[in-house]
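User: I have a model open and would like to talk through how it is put together. Can you take me through it step by step?

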Amino acid sequence: MATFWCTEALPLAVTAMLPVCLFPTLGIIPSKKICPQYFLETNFLFLSGLVMASSIEEWGLHRRIALKVLSIVGVKPAWLIFGMMMTSAFLSMWLSNTATTAMMLPIANAILESLFGDLETLKKNCKSPKDSDSDIINGTHECFTSVPTSLQFMQNNDVSDHVERTDGTEPADVRTAEEIRSESEYQLKVWKGFLICIPYAASIGGTATLTGTAPNLILIGQLKSYFPDCDLINFGSWFAFAFPLMLIFLFVGWLWIAYLYGGLNTRHDRRAQAEARAQALIQDDYRKLGPINFAQGAIAFFFVLFAVLLFTRDPKFITGWSVFFKKGYVSDAVTGVIIVSILFFFPSQKPSLSWWFDPQASNTRYVPLLSWQKAQDSIPWNIILLLGGGFAMAKACEESGLASWIGGHLQPLAEVPPAAAVMLITAFLACFTEFASNTATIIIFLPVIAELAIHVSVNPLYFMIPATVGCSYAFMLPVSTPPNSIAFASGHLMVKDMVKTGFVMNILGILCVSLAMNTWGVAMFDLHTYPEWAHPINKTAAVVVQALNATL
């Protein structure tokens, strides 16, 4: 299954269903134990997050949020990159990373065209007799021809063709060719920085919530399978740990991207008019959205309620509202499904009661906030099957003793200090996930990492949490994640751009995870002590390993 997932010889979802075919027929585990693994409560939590995301997209609330944030941070290149990254990260906490990237890239392109003008003109200006045979950016340009917003803005504001064509630089004739080329190269570097920061921020933002990315949910599912008594990780406690980590990584990642792509350049000559146009473009697009309507207000309310209820159910550091119910009965999945179920009958237009008193009064047609057809079309069912396949494989590894056997052969790693092991695990999975999906990566390695922690008598969370976060840090290759592929498909990024930027991003991510695990992570999850909830599994593992060794 690992080979098929990495090579995609079969579709990922089809590979995920192989346990149903093979494990019962090979006598490993009966079907009545395997099949329920495909829709655990973890899958319901994931499903509720997807339904909430589809309702946000249906009513355009995500675009309103994005434009509002960008209008606040301003249009200086460094701050605009910062705004793009913060907005992408926030949206990807709740929407899929892919949907976030697909929505933010056209907005970024429209702003860039207002700031710097036509891309083709920039590329021509970048060429000199010495390098006329090479472009600063390779590829086709379809991505930008599909973004008419800035052109409409130019027409609507009666700006002369001459000003727009020269990107606000009327005195271009007094500049030397070298000055024009240098300025154009700088602008193209900033353009690259905009394109590359969005998928990176989306990947980072997805780690902050349990529903933000599939590996986080796989961690929960496998913890419940291996360590049923471990209740330390839920939506609230994960958010309290991962959100500060996300903010720190976003900040240092922003500094690196802004430095690498010229965003920190403080030159202000000849840019005031272009920046004013870009600011006006953002504000104009926001005005076109009009005032917030009833449906958007309702979605915003349920979205905030969704997040607050999940966060406060049982955050561990304070008493949550789950104490009002029978212990262990109400989980994050229950909370999520309750909220999203309301979306299917709550009206999308403000209800009028006038017809109660006047039968002749007009009555607004009832349309719910979300239809099942829309939810069904927007939910990636293949990912739900992929989650189930991971849980099924983990269950079989546990039942058969394979995970314990592998863990026993990793005993030499006990000599490595745990803090160093955290960095090694994070680095290894961050590298491996460059060539395989993050979901497949964590499914393959999390059972082994859990057994490794048991055999070296380290709190399993100390190894499993950084492994989970690390497999979302895929920054170096276009094929690493769908967001990377979308940005690369614009045709204006080269593989070497992503490798150069992503290599340092991976190092920064490893350092940030190590910092988080050894500071507030230790305090939150008591990582320096071996927990009671891991002892029963440890005894079972020891018996299985002894039996296997005796057999061998």
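User: Among contacts between residues at least 6 apart in sequence, what share joins residues at least 24 apart?
Analyst: In this predicted model, 81% of the contacts between residues at least 6 apart in sequence join residues that are at least 24 apart.

User: And how many helices and strands are there in the chain?
Analyst: The protein chain has 29 helices and 0 strands, and of its 552 residues 52% count as buried.

User: Which residues have the most contacts inside the largest nonpolar core?
Analyst: The largest nonpolar core has 141 residues, and those with the most contacts inside it are Met84, Ile111, Phe227, Ile257 and Phe463. Helix α15, which covers residues 235-260, gives the most to this core, with 14 residues. There is also a second, separate core of 6 residues, which includes Phe23, Ile34, Tyr38 and Ala392.

User: Let me pick Ile257, then; what is isoleucine 257 in contact with, leaving aside its neighbours within four places in sequence?
Analyst: With those neighbours left aside, isoleucine 257 is in contact with Ile81, Met85, Gly193, Ile196, Cys197, Tyr200, Thr501 and Met505. Two of these names, Ile81 and Met85, come up again among the buried residues of α7.

User: Okay, α7 it is. How many of its residues are buried?
Analyst: Helix α7 is mostly covered, with 12 of its 16 residues buried. The buried residues are Pro77, Ala78, Leu80, Ile81, Gly83, Met84, Met85, Thr87, Ser88, Ala89, Leu91 and Ser92. As for the length, the 16 residues of α7 should span 22 Å at 1.5 Å a residue, and the end C-alpha atoms are 22 Å apart, so the two values agree.

User: Switching topic: how many cavities of 30 Å³ or more does a search of the whole structure find?
Analyst: The search finds 2 cavities of 30 Å³ or more, and about 50 Å³ of space lies in the largest cavity.

User: What lines that largest one?
Analyst: The lining of the largest cavity is made up of Ile56, Leu61, Ile65, Phe90, Leu91, Trp94, Leu95 and Phe303. Helices α6 (61-73) and α7 (77-92) each supply at least two residues of that lining.

User: Now the helix with residues 418-432: which of the residues of α23 are buried, and where do they sit around the axis?
Analyst: The buried residues of α23 are Ala421, Val422, Ile425, Thr426, Leu429 and Ala430. Seen down the axis of α23, these buried residues fall within an arc of 160°, so they line one face of the helix. They pack against α24 (438-455), α25 (460-470) and α27 (495-517).

User: What about α18, which residues are buried there?
Analyst: In α18 the buried residues are Asp332, Ala333, Thr335, Gly336, Ile339, Val340 and Leu343. Viewed down the axis of α18, they too fall within an arc of 160°, and therefore they line one face of the helix. Their packing is against α5 (41-58), α15 and α17 (294-312). The 12 residues of α18 should span 16 Å at 1.5 Å a residue, and the end C-alpha atoms are 18 Å apart, which agrees.

User: You mentioned α5; is leucine 50 buried or exposed?
Analyst: Leucine 50, which lies in helix α5, is buried, because its relative accessible area is 13%, under the 20% limit. Leaving aside neighbours within four places in sequence, leucine 50 is in contact with Ile379 and Pro380. The C-alpha atoms of leucine 50 and serine 96 are separated by 7.8 Å, although these residues are 46 apart along the chain.

Note on methods: Residues numbered from 1 in each chain as written. Predicted model: local features only at pLDDT ≥ 70, side-chain atom pairs only at ≥ 80, totals over all residues. Heavy atoms only, no water. Core = buried A, V, L, I, M, F, W, Y, C linked by side-chain atoms within 4.5 Å. Buried < 20%, exposed > 50% of the residue type's maximum accessible area, 1.4 Å probe, protein only. Helix = DSSP H or I, 4+ residues; strand = E, 2+ residues; numbered from the N terminus. Contact = heavy atoms within 4.5 Å. Arc of directions from axis to C-beta. Expected span 1.5 Å × (residues − 1). 1 Å grid on protein atoms, 1.4 Å probe; cavity = no way out; pocket = protein on both sides within 12 Å on 5 of 7 lines; lining within 4 Å. Points joined across faces, edges and corners; volume = space filled by probe spheres on them.
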